[in-house]
Amino acid sequence: MKDSNSNSNSKPWRPFTANCCSTDQTISFGNFSRCRPSKSDFSKNIAPLPSFRRLSFSDLSRSSSARINEDLAQSFGSDLYDFQLSELRAITQNFSSNFLLGEGGFGTVHKGYVDDNMRQDLKPQAVAVKLLDIEGLQGHREWLAEVIFLGQLRHQNLVKLIGYCCENEERLLVYEFMPRGSLENHLFKRISICLPWGTRLKIAIGAAKGLAFLHGAEKPVIYRDFKTSNILLDSDFNAKLSDFGLAKMGPEGSNTHVTTRVMGTYGYAAPEYVSTGHLTTKSDIYSFGVVLLELLTGRRAMDKTRPKSEQHLVDWAKPYLTSSRRLRCIVDPRLAGQYSVKGAKEMALLALQCVSFNPKDRPRMPAIIETLEALQQLRDMAVSCGQWPGSPKSSRNGLLSVKGRRENGGASGIIWKHSPVASNTKG
Ligand SMILES: Nc1ncnc2c1ncn2[C@@H]1O[C@H](COP(=O)(O)OP(=O)(O)OP(=O)(O)O)[C@@H](O)[C@H]1O
Ligand SMILES: [Mg+2]
């Protein structure tokens, strides 16, 4: 834990505001003014802490953008910059497609550059500007959750939020620019060069430290959206978590979980969370296990382009994870044997533990980090010890057939990031 917290900012973490900005009671908004939960939804959650007193979600939801800006500025002071839309237009050439970095459920992300004339104290740097799609699901609430969480949480493995913009119905976020983009792009985009084994390990460890920091906070934070597209990489492949729109405060007191509407990304969400809406830090551990499997196999958590029995990565991979002989059949063929056999075996067993059906059987983040760090010393490459079947083609041919696979694609009442539907579960 000590390690994962080592570079964190000493700024005190005041969690009550995050309860206030739960994204769970949401319906799809056509515009900002419709984002108004009833007062009773919030009154029981708002603790009267002085410095963030005005930063409650109910107040902010009912407020004009001018009032929101005033409240955020008062709460975050110089820690976050309050940008004007015209400034962000200027630095992204009016959100030109030439500056497009990517697009997600929230909207588009554009590259920009702030020079030293823009603001006093703001160092010249490249930034990523996320432009909220106001028609998008959860828009305003996710924006606000992100400002409140990332505005307060600082760690070397969390992407840095530089500022925000709230003007009329426009909502934007300004982050440090991550030159190597997302892990998703590196693992799955055809044009990308294969990520070496050592880099995969480094990324897994960095992302694990980000998650450990959240779970190890005085008031634990459940990230709820751990996936390869939310793991961003700097020029040295240091991993940082982004997207805190779905983050949630962990259970307090004697509570074992928080009950929420089910939201997340299909393929990554823990089965008990999907079926009950009960959210714990162990839900994030499940998602971490899924990402480990993606790193190991080079396959997506959910891939509708594959045969039905291979679409759901966890279900497909599980039978291969406990035997070294079987494991080599599913290791990413793009690695072409350039990986540690022992390391892959340990990573597979760790992933298997993380995706255990019973949350109690899943390890905690500090143990995960310890296991992964130990793998960095291993140098037994598969190609040099004759264990690699030879070519990507033969590895695919070696796949075992797996029977009795569970399909849960028909789950209803759940909000998945890219196909939103209403849920009945209590928020
Ligand atoms: N700070 C950043 N620096 C560089 N690129 C970024 C940054 N933030 C986002 N991106 C790029 O923009 C893409 C879209 O990000 P975004 O978070 O909007 O969507 P997503 O993660 O793909 O999906 P979701 O909305 O479900 O989280 C990312 O995959 C990444 O390539
Ligand atoms: Mg994202």
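Me: How many Å separate a backbone N or O atom of E176 from a nitrogen atom of ligand 1?

Reply: This is a predicted model, in which local features need pLDDT of at least 70 and side-chain atom pairs count only at pLDDT 80 or more, while totals for chains, interfaces and linings use all residues. Residues are numbered from 1 along each chain as its sequence is written, chains are lettered from A and ligands numbered from 1 in the order in which they are written, and side-chain values use heavy atoms, with hydrogens and water left out. The contact is made by the backbone of E176, and its distance from the nitrogen atom of ligand 1 is 3.0 Å.

Me: Which residue has a polar side-chain atom 2.5 Å from an oxygen atom of ligand 1?

Reply: Ligand 1 is surrounded by 23 residues (a residue counts if one of its heavy atoms lies within 4 Å). Among the closest are G105, M178 and K227. An oxygen atom of ligand 1 is 3.4 Å from a side-chain N or O atom of N185. The side chain with a polar atom at 2.5 Å belongs to D243.

Me: What percentage of the area of ligand 1 does the protein bury?

Reply: Accessible areas come from the Shrake-Rupley method with a 1.4 Å probe, and for residues only the protein chains shown count as cover. Taken alone, ligand 1 exposes 610 Å². Of that area, the protein buries 95%.

Me: Which element gives the largest share of the shell around ligand 1?

Reply: Strands here are DSSP runs (E, at least two residues) and helices likewise (H or I, at least four), numbered from the N terminus. Elements that give two or more residues to the shell include β3, β4 and β6. The largest share, three residues, comes from β2.

Me: Which residue forms a salt bridge with E176?

Reply: Side chains of opposite charge can pair when their charged atoms come close. A salt bridge is a side-chain nitrogen of Lys or Arg within 4 Å of a carboxyl oxygen of Asp or Glu. E176 lies in strand β6 and its partner in strand β9, so the pair ties together parts that are 64 residues apart in sequence. At 3.2 Å, N to O, the partner of E176 is K240.

Me: Is K240 buried or exposed?

Reply: Buried means under 20% relative accessible area, exposed over 50%, and partly exposed in between (1.4 Å probe, protein chains only). The relative accessibility of K240 is 13%. Therefore K240 counts as buried.

Technical notes. Polar contact = N/O pair within 3.5 Å; in protein donor to acceptor, adjacent residues only side chain to side chain.
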